[in-house]
Amino acid sequence: MDFDTWLVYLIAALGLSLSPGPNGLLALTHGALHGRRRTLFTIFGGSVGFIVIIALSMFGIGALLKTSLVWLAVLKWLGGAYLVWLGLQVWRAPAIGVELQDAAAPRQGWSLFRQGALSAMTNPKGILFFAAFLPQFIDPARGLFVQFVVMAGTFAAIEVLTEFVIASTAHRIRPWLKRVGRRFNQVCGGIFVAIGAALPLRG
């Protein structure tokens with residue numbers, strides 16, 4: 001993967017990690033309930049789940065590319081349209097609200113890990129997003145496995161970092177989201193619209 005392509009992917013992946021979603025909300029909730037150290041189980045579980053989705057998406061796309069490179073162009077334009085639509089949905093979404101109980105029963109690390117992984121792997125929007133997002137960065141002239149390692153590793157690292165920050169500052173982020181959550185959603189939605197409109201036009 002060329003460095004400039006990877007840099008665009010890094011910025012786009014960071015925008016995805018910061019946008020409202022089930023795993024970010026889970027990290028926020030578990031951070032407030034169980035503390036940041038135990039929430040690492042949730043975060044690593046979610047990252048494993050995302051790696052599985054990325055693998056399924058990329059190698060499914062790779063199978064199509066063996067049939068015809070025309071599929072890559074089709075996927076790029078369909079994916080771009082989906083990202084624009086998703087951005088508009090995020091823009092119009094209400095602010096995230098998190099209501100917590102006063103106390104939470106202790107949870108085993110494996111239970112938190114499993115919940116994080118299932119949250120990532122069973123979210124249909126996440127599956128659709130990666131199917132739309134990844135073709136924008138795939139180079140059919142290069143090995144798919146190496147590209148998978150780079151993309152999955154980059155996204156997993158960003159996801160762990162951003163969700164750990166969210167979990168560590170959960171008590172401060174919750175009231176902030178109530179105040180400016182709507183504006184935050186509009187910023188994230190605007191980023192998705194820009195990505196969806198611009199990336200299919202890249203050479």
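Contact is taken here as heavy atoms within 4.5 Å. The structure is a predicted model, in which local features need pLDDT of at least 70 and side-chain atom pairs count only at pLDDT 80 or more, while totals for chains, interfaces and linings use all residues. Residues are numbered from 1 along each chain as its sequence is written, and side-chain values use heavy atoms, with hydrogens and water left out.

Ile-54, leaving aside neighbours within four places in sequence, is in contact with Phe-130, Leu-134, Phe-148, Ala-152 and Phe-155. A nonpolar core is a set of buried Ala, Val, Leu, Ile, Met, Phe, Trp, Tyr and Cys residues joined through side-chain atoms within 4.5 Å; buried means under 20% relative accessible area, exposed over 50%, and partly exposed in between, with a 1.4 Å probe and protein chains only. The largest such core has 30 residues, of which Tyr-9, Ile-54, Phe-130, Phe-133, Leu-134 and Phe-155 touch the most other members. Two or more residues each come from helix 1 (3–18), helix 3, helix 4 (70–92), helix 6 (124–133), helix 7 (144–168) and helix 8 (170–198). Helices are DSSP runs (H or I, at least four residues), numbered from the N terminus. Helix 3 gives the most to this core, with 7 residues. Another core, of 5 residues, lies apart from it and includes Leu-28, Ala-32, Ile-166 and Ile-173.

Helix 7 packs against helix 2 at an angle of about 40°, with the axes 8 Å apart. Axes are lines fitted to C-alpha atoms, for helices over the stretch in contact, and angles run from 0 to 180 degrees between N-to-C directions. Helix 2 is therefore oblique to helix 7, given that angles under 35 degrees count as roughly parallel, over 145 as roughly antiparallel, 65 to 115 as roughly perpendicular and the rest as oblique. In this pair, Asn-23, Gly-24, Ala-27, Leu-28 and Gly-31 of helix 2 meet Glu-159, Glu-163, Ile-166 and Ala-167 of helix 7. Helix 3 and helix 7 pack at about 155°, with axes 9 Å apart, and are therefore roughly antiparallel to each other.

Thr-39 is located in helix 3 and is buried, with a relative accessible area of 0%. Not counting residues up to four places away in sequence, Thr-39 touches Ala-27, His-30, Gly-31 and Ala-167. The C-alpha atoms of Thr-39 and Glu-163 are separated by 9.1 Å, although these residues are 124 apart along the chain.

In helix 5, the buried residues are Gly-109, Ser-111, Leu-112, Gly-116, Ala-117, Ser-119 and Ala-120. Their cover includes helix 2 (22–34) and helix 3 (36–67).
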